[in-house]
Amino acid sequence: MDRLIIAAVLIVVAVLVAGLLQRLRDRADAPTQSRWAVPTQLDRADFDGRDTPWLVALFTSETCDSCARARQKTAVLASPSVVVQDVPYQLRKDLHTRYAVEVVPMILVAGPDGVVAASFVGVPTATDLWAAVAEARAPGASPEPDLGRP
């Protein structure tokens, strides 16, 4: 009789463990969430060239390898109507804090009013970056108008 009770208890425990394991396996993964907020508005007075129509602000760190690649890609965008400003964390921690920039490189394309028209977290391709700036400056200019849209 004792063996029967022990066997019954073991069966009940096995069924409970199997049920628990099944529930854990059937759980859906949580949807991925963006971890970094991207600013949607910049105060142009915080940056160089406030009278230049377009600003490409590149938030970086001097210790970031990806930031060096992002610097190369953004530097060629500079023109009489586009100012490109590198904002390294080590030199401009105040701006990183003010705009809650928690990840670098972050590239923001802002118009004369400071509204961010395009943004990239990480290093975009040169083609995507050029297309996003072109679309911001002249809507309809890019075959992919949603590139870099916040």
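Predicted model: local features only at pLDDT ≥ 70, side-chain atom pairs only at ≥ 80, totals over all residues.
## How the rings pair up

Three aromatic pairs turn up in the structure. One of them joins Phe47 and Phe59: the ring centres sit 6.4 Å apart and the planes meet at 85°, so this pair is edge-to-face. It ties together distant parts of the chain, with Phe47 in the loop between α1 (2-26) and β1 (54-60) and Phe59 in strand β1, twelve residues apart.

Phe59 has another partner in Tyr99. Here the centres of the Phe59 and Tyr99 rings are 6.5 Å apart and the planes are at 65°; angles over 60 degrees count as edge-to-face, so that's what this pair is. Again, distant stretches of chain are linked: Phe59 is in strand β1, while Tyr99 is in the loop between α3 (93-98) and β3 (106-110), 40 residues apart.

## A nonpolar patch on the surface

Now for the outside. Met1, Leu4, Ile5, Val9, Val13, Val17, Leu20, Leu21 and Leu24 make up a nonpolar surface patch, and together they have about 880 Å² of accessible area.

Take Leu21, one of the patch residues. You'll find Leu21 in helix α1.

Note on methods. Residues numbered from 1 in each chain as written. Heavy atoms only, no water. Phe/Tyr/Trp six-rings, centres within 6.5 Å; stacked < 30°, edge-to-face > 60°. Helix = DSSP H or I, 4+ residues; strand = E, 2+ residues; numbered from the N terminus. Patch = residues over 30% accessible without salt bridge, like charges linked within 9 Å, V, L, I, M, F, W, Y side chains within 5 Å. Areas by Shrake-Rupley, 256 points an atom, 1.4 Å probe, with all protein chains shown as cover. Salt bridge = Lys/Arg side-chain N within 4 Å of Asp/Glu carboxyl O.
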